[in-house]
Amino acid sequence: MLELQITATNIRYSDSGVSAVNVQFQSKDSEGTINLSGYIPLTPDEYLGNEALSSLTEVVRTKLIERLEPQAA
C-alpha cells in the first residue's frame with residue numbers, strides 16, 4: 001500500500017475567494033521501492049469543504065489513482 005503525505009498547499013486567491021489550489025504530496029510504498037512526488041491541482045469546489053488533512057489526503061489519493069489508471073477507450 002502506498003503511504004500518501006501532503007507536504008504543502010499553494011492556494012491562489014482572487015477577489016471572490018479561492019481561485020485554485022495546488023496540493024503537493026509525497027508517496028512511497030511499504031517496501032520503499034516506489035516513490036512518487038508532485039502536485040495535484042484542485043478547483044475551489046474540490047478544495048472547499050475538504051480542507052482538513054484527512055479529507056484533503058483522500059481527494060489527492062483519488063485524483064492520483066485516476067491519473068495512474070489507463071483511460072477507457
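Analyst: Start with a rule: two strands pair if DSSP finds at least two bridges between them. Helices (H or I, at least four residues) and strands (E, at least two) are DSSP runs, numbered from the N terminus. This is a predicted model, where local features need pLDDT of at least 70 and side-chain atom pairs count only at pLDDT 80 or more, while totals for chains, interfaces and linings use all residues. Residues are numbered from 1 along each chain as its sequence is written, and side-chain values use heavy atoms, without hydrogens or water.

The part to look at is helix α2, together with the sheet it packs on.

Take the sheet first. β1 and β2 pair in the antiparallel sense over 12 bridges. They form a hairpin, with two residues between them. Follow two of the partners across. Leucine 4 has serine 27 of β2 as its bridge partner. Isoleucine 11 is bridged to valine 21, also in β2. The open sheet runs in the order β1-β2-β3, with antiparallel pairing. β1 and β3 are the edge strands, since each pairs on one side only. On average, neighbouring strands are turned by 15° against each other, direction ignored. α2 packs on this sheet and touches β1, β2 and β3. Its direction makes about 100° with that of β1. (Axes are lines fitted to C-alpha atoms, for helices over the stretch in contact; angles run from 0 to 180 degrees between N-to-C directions.)

What lies in the largest nonpolar core? The core has 12 residues, among them Leu4, Ile6, Val21, Phe25, Leu56, Val60 and Leu64. β1 (2–14), β2 (17–29), β3 (35–42) and α2 (53–68) each give two or more residues to it. α2 gives the most, with four residues. A nonpolar core is a set of buried Ala, Val, Leu, Ile, Met, Phe, Trp, Tyr and Cys residues joined through side-chain atoms within 4.5 Å. Buried means under 20% relative accessible area, exposed over 50%, and partly exposed in between (1.4 Å probe, protein chains only). In soluble globular proteins, nonpolar side chains tend to be buried together.

Zoom in on leucine 4. Setting aside residues up to four places away in sequence, leucine 4 touches Phe25, Gln26, Ser27, Thr57, Val60, Arg61 and Leu64. (Contact means heavy atoms within 4.5 Å.) One of these, threonine 57, is found in α2. Threonine 57 counts as buried, at 12% relative accessibility. Beyond its neighbours within four places in sequence, threonine 57 is in contact with Leu4 and Ile6.

Now the charged side chains. A salt bridge is a side-chain nitrogen of Lys or Arg within 4 Å of a carboxyl oxygen of Asp or Glu. How many salt bridges are there by this rule? The count comes to two.

One joins lysine 63 and glutamate 46, at 2.5 Å from N to O. Lysine 63 lies in α2 and glutamate 46 in helix α1 (residues 44–47), so the pair ties together parts that are 17 residues apart in sequence. Lysine 63 is partly exposed, at 22%. Glutamate 46 is partly exposed too, at 23%.

Arginine 61 and glutamate 58 form a salt bridge as well, their closest N and O atoms being 3.4 Å apart. Both lie in α2, three residues apart, about one turn of the helix. Arginine 61 is partly exposed, with 22% relative accessibility. Glutamate 58 is partly exposed at 42%.
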